[in-house]
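Colleague: I should like to learn how to read the features of a model of this kind. May we go through them in turn?

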Amino acid sequence: MDHLRKSNEELDKFLKERPNQKELVEKNILKDPKIAPALQHHAEELKRAKLETALAHKIENRPPASELIDHNILHASHVAPALQGKEADLKRSQLEDVLNHKIQERPAPETLVEKHILEGQVV
């Protein structure tokens with residue numbers, strides 16, 4: 001008896017926590033109840049065909065790679081796609097090194113005043 005009551009309590013708990021029909025439709029577990037079961041398969045086929053047509057149209061009308069490079073959407077690279085991120089990191093690191101080197105070699109303000117490039121006194 002006690003086992004049966006415990007099972008009923010567990011079942012009641014499970015039924016209270018289960019998702020409603022709308023949630024199951026949103027998660028694609030159940031089919032849309034507004035469409036007759038005999039038509040659901042056909043509706044899915046139409047939906048898929050519409051999506052395929054839209055994607056084919058977008059692919060046909062996409063701009064060429066050269067235009068994407070001109071607009072800085074793509075970067076011209078002769079490196080494999082898997083390595084392009086590393087290539088960009090390397091270029092950035094090299095640029096940082098060059099800029100740091102130029103900053104270190106920059107003449108002191110006193111020197112620029114002496115050469116009459118800067119005016120006034122250096123603080």
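Colleague: What is the mean pLDDT of the protein chain?

Modeller: The term pLDDT is the predictor's confidence in each residue, from 0 to 100. Where pLDDT is low, the predicted coordinates should not be read in detail. Here the mean over the protein chain is 89, and 98% of its residues reach 70 or more. Among the elements, α5 has the highest mean pLDDT (95) and α1 the lowest (86).

Colleague: How many residues does α1 have, and what span should they cover?

Modeller: Helices (H or I, at least four residues) and strands (E, at least two) are DSSP runs, numbered from the N terminus. The expected span of a helix is 1.5 Å times one less than its number of residues. Helix α1 has 16 residues and should therefore span 22 Å; its end C-alpha atoms are 23 Å apart, which agrees.

Colleague: How many residues of α1 are buried?

Modeller: Buried means under 20% relative accessible area, exposed over 50%, and partly exposed in between (1.4 Å probe, protein chains only). By that rule the count of buried residues in α1 is 0, and the helix is hardly covered. Leu11, which is found in α1 (residues 2-17), is partly exposed because its relative accessible area is 44%.

Colleague: Which residues form the nonpolar patch on the surface?

Modeller: Patches are made of residues with over 30% relative accessible area and no salt bridge; like charges are joined within 9 Å, and nonpolar side chains (Val, Leu, Ile, Met, Phe, Trp, Tyr) within 5 Å. Accessible areas come from the Shrake-Rupley method with a 1.4 Å probe, and for residues only the protein chains shown count as cover. Leu11, Phe14 and Leu15 form such a nonpolar patch, with about 300 Å² of accessible area together.

Colleague: How many salt bridges does a search of the whole structure find?

Modeller: A salt bridge is a side-chain nitrogen of Lys or Arg within 4 Å of a carboxyl oxygen of Asp or Glu. The search finds 4. One of them joins Asp2 and Arg5 at 2.6 Å, N to O; both residues are exposed. Because they are 3 residues apart in α1, about one helical turn separates them.

Colleague: Which parts of the chain does the bridge between Lys31 and Glu44 tie together?

Modeller: The side chains of Lys31 and Glu44 meet at 2.5 Å, N to O. Lys31 lies in the loop between α2 and α3 and Glu44 in helix α3, so the pair ties together parts that are 13 residues apart in sequence. Lys31 is partly exposed at 45% relative accessible area, as is Glu44 at 40%.

Colleague: Where do Arg92 and Glu96 lie?

Modeller: Arg92 and Glu96 are 4 residues apart in helix α5, which means that about one helical turn separates them. Their salt bridge is 3.6 Å, N to O. Arg92 counts as exposed at 59% relative accessibility, whereas Glu96 counts as partly exposed at 41%.

Colleague: What is the phi of Asn28, and where in the chain is this residue found?

Modeller: Most residues other than glycine have a negative phi, and most peptide bonds are trans. The phi of Asn28 is positive, near 60°. Asn28 is found in the loop between α2 (21-26) and α3 (37-60), and it counts as exposed because its relative accessibility is 69%. Asn72 also has a positive phi, of about 60°. Asn72 is found in the loop between α4 (65-70) and α5 (84-105), and is exposed at 61% relative accessible area.

Note on methods
Residues are numbered from 1 along each chain as its sequence is written. This is a predicted model: local features need pLDDT of at least 70, side-chain atom pairs count only at pLDDT 80 or more; totals for chains, interfaces and linings use all residues. Side-chain values use heavy atoms; hydrogens and water are left out.
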